[in-house]
Amino acid sequence: MKRLTSDLAVFGGPVEFADVLHVGQINIPEKERFEAIFSGIFSRRYYTNHGPLQQELEVRLEDLFRVRNAIAVTNATIGLMLACKALGLREGGRVIVPAFTFAASVQALSWAGLMPLFCDVDPDTHVLSVESVRAALEEPGVCAILGVHLWGTPCGVEELRRLADERGIKVFYDAAHAIGNTINGLSVGNFGDLEVFSFHATKIFSSGEGGCVTTNDDELAERLRNLRSSYGRRMDVPVPIGGYGRFSEAQAALGLLSLEDFAANCEMNGRRFGRYRERLADVPGLRFILPPAGERSNSQYVVLEVDEALFGLSRDAIVKCLQRENILCRRYFTPGMHRCLPYSSELPQYVESLPVTDFLCSRVMQLPSGQQMDDNKIDAVCDLIIFLHENAENIAGRLCEQQ
Ligand code: T4K
């Protein structure tokens with residue numbers, strides 16, 4: 001427990017946590033379960049590409065999402081790249097996408113020879129603003145909309161579908177954060193032409209590395225399977241190019257174990273989220289980004305906006321102080337992609353044109369959750385944040401002197 005500002009690690013005091021706390025989940029299955037499922041892989045001597053565990057996982061995911069097709073791929077980035085090809089988006093076409101997202105959403109477009117058309121996001125929900133999409137659709141060369149269900153918060157799927165249909169273009173979703181979440185009670189995975197999930201180690205559902213593409217369009221699914229590899233295809237539909245987004249049996253094994261734990265992990269995350277909210281409820285200048293009321297949510301990310309004027313310290317100052325205590329909170333996703341190379345130089349028209357994105361990039365931070373946390377650790381993190389607020393003036397002065 002810190003009593004003086006000099007107790008803070010950033011000013012030379014003892015570090016609060018001996019082991020680092022990550023924002024990502026890193027939910028690890030018990031060793032015995034891990035060994036049992038992996039021994040089957042070794043005895044079968046079948047290691048990758050449409051193996052029995054991959055096939056089982058795909059069926060289980062189709063059940064979870066209640067979707068016709070779940071196609072497991074190497075990771076979500078590869079999934080997005082294959083998606084662009086499977087959707088038949090012509091090279092050089094422009095795709096409406098938020099700049100307030102992880103680099104992969106935008107870079108996958110570039111890999112597929114497409115041009116991002118950056119749109120601003122809604123200040124409350126952090127997902128694509130339907131108004132800015134409507135305006136962007138007036139620009140020439142738009143061939144698709146790529147929405148991102150950021151923090152698992154769903155995009156305005158009905159309105160985006162309507163806008164896309166009016167213009168005869170595709171709409172698809174980066175659902176990397178949204179596994180298990182619902183929109184009007186229906187699982188994410190069923191919206192747009194297709195949706196892409198991430199199963200990275202830091203996600204609540206993990207296959208170590210991995211992802212999947214979901215769609216209710218069987219022909220599109222077939223193109224995705226054929227793009228992924230020559231194995232596992234059901235029909236011989238033509239595809240422009242191989243993508244080699246294969247999924248290994250080791251990934252599938254971890255995914256199957258993660259699926260067994262999924263409901264419990266969502267419930268655990270919900271409790272973690274609730275405790276942070278309860279403990280920080282009276283701290284001025286902090287706003288939690290909440291899932292939509294009445295929908296199922298995986299509570300994967302604990303996301304806060306910091307209002308410096310009310311809290312007394314900037315988001316960056318808070319992050320710096322917490323990181324020195326081994327609380328590796330993150331400033332996802334700062335800076336916005338419109339301010340990152342190569343886009344800031346190749347597409348300079350967007351640099352000053354996304355005020356909400358810039359505003360959020362200066363205020364948003366994430367706190368650790370998942371199995372690594374417990375109530376005591378969350379209380380310690382919250383006590384520190386409260387301490388930073390109560391001593392904000394002094395801390396701000398000392399941080400200035402350090403520079
Ligand atoms: N779209 C969106 C909206 C996304 O957020 C992402 C990825 C994607 C698409 C693409 O999905 P993938 O192609 O990755 O499936 C992390 C994750 O790598 C990435 O999956 C995630 N989103 C992004 C928000 O965060 P990094 O570069 O910060 O992660 P990494 O691997 O450095 O891990 C963070 C920290 O966690 C490390 O410093 C150490 C710790 N860690 C990590 C791993 C992998 C562990 O303790 N154990 C581990 O096994 O991007």
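Me: What volume does the second largest pocket have?
Reply: In this predicted model, the second largest pocket has a volume of about 200 Å³.

Me: And which residues lie nearest its centre?
Reply: Those lying nearest the centre of the second largest pocket are N27, I28, P29, S206 and L254, out of 16 residues that line it. Helix α8, which covers residues 249–280, provides the largest share of that lining, with 5 residues.

Me: How do the residues of that lining divide into nonpolar, polar and charged?
Reply: The lining of the second largest pocket divides into 8 nonpolar residues, 6 polar ones and 2 charged ones.

Me: OK, what about the largest pocket, what's its volume?
Reply: The volume of the largest pocket is about 450 Å³, and of the 28 residues lining this pocket, F102, H200, T202, K203 and Y301 are the closest to its centre.

Me: Which elements give two or more residues to that lining?
Reply: Those elements are α3 and α4, the latter spanning 103–111, and α3 gives the most, with 3 residues. By class, the lining of the largest pocket has 13 nonpolar, 11 polar and 4 charged residues.

Me: How many cavities of 30 Å³ or more does a search of the whole structure find?
Reply: The search finds 1 cavity of 30 Å³ or more, and the volume of the largest cavity is about 100 Å³. There are 13 residues lining the largest cavity, and the closest to its centre are W151, I289, P291, S297 and Y301.

Me: How many charged residues are in the lining of that cavity?
Reply: The lining of the largest cavity has no charged residues, and by class it is made up of 7 nonpolar and 6 polar ones.

Me: Switching to the sheets, what is the order of the 7 strands in the open sheet?
Reply: The 7 strands of this open sheet follow the order β2-β10-β9-β6-β5-β3-β4, with mixed pairing. Strands β2 (69–73) and β4 (115–119) stand at the edges with a single partner strand each, so one side of each has no neighbour in the sheet. From one strand to the next, the twist averages 25°.

Me: How do β6 and β9 run, parallel or antiparallel?
Reply: Strand β6 (residues 170–174) and strand β9 (residues 194–198) run parallel and are joined by 3 bridges. Within this pair, F172 stands opposite L194 in β9.

Me: Which strands do helices α2 and α3 lie across?
Reply: Helix α2, made of residues 52–65, lies across β2, β9 and β10, and runs at about 135° to β2. Helix α3, made of residues 76–86, lies across β2, β5, β6, β9 and β10, and runs at about 165° to β9.

Me: What about the open sheet of 3 strands, what's its order?
Reply: That sheet has the order β11-β12-β14 and its pairing is antiparallel. Its edge strands are β11 (286–288) and β14 (364–367), each of which pairs on one side only, and the twist averages 35° from one strand to the next.

Me: How many bridges join β11 to β12?
Reply: There are 3 bridges joining β11 to strand β12 (residues 302–306), and F288 stands opposite L304 in β12.

Me: Which helices lie across β12 and β14?
Reply: Helix α8 lies across β11, β12 and β14, running at about 155° to β11, while helix α10 (residues 315–324) lies across β12 and β14, running at about 25° to β14.

Me: New topic: how many salt bridges does the structure hold?
Reply: The structure holds 33 salt bridges, and one of them is formed by R33 with D261, where the closest N and O atoms are 3.0 Å apart. R33 lies in helix α1 (residues 31–44) and D261 in helix α8, so this pair ties together parts that are 228 residues apart in sequence.

Terms used
Residues are numbered from 1 along each chain as its sequence is written. This is a predicted model: local features need pLDDT of at least 70, side-chain atom pairs count only at pLDDT 80 or more; totals for chains, interfaces and linings use all residues. Side-chain values use heavy atoms; hydrogens and water are left out. Two strands pair if DSSP finds at least two bridges between them. Helices (H or I, at least four residues) and strands (E, at least two) are DSSP runs, numbered from the N terminus. Axes are lines fitted to C-alpha atoms, for helices over the stretch in contact, and angles run from 0 to 180 degrees between N-to-C directions. Contact means heavy atoms within 4.5 Å. On a 1 Å grid over the protein atoms alone, a cavity is a set of points where a 1.4 Å probe fits but cannot get out, and a pocket is an open set with protein on both sides within 12 Å along at least five of seven lines; lining residues have an atom within 4 Å of a point. Grid points are joined across faces, edges and corners, and a volume is the space filled by probe spheres set on the points. Ala, Val, Leu, Ile, Met, Phe, Trp, Tyr, Cys and Pro count as nonpolar, Asp, Glu, Lys and Arg as charged, and the others, Gly among them, as polar. A salt bridge is a side-chain nitrogen of Lys or Arg within 4 Å of a carboxyl oxygen of Asp or Glu.
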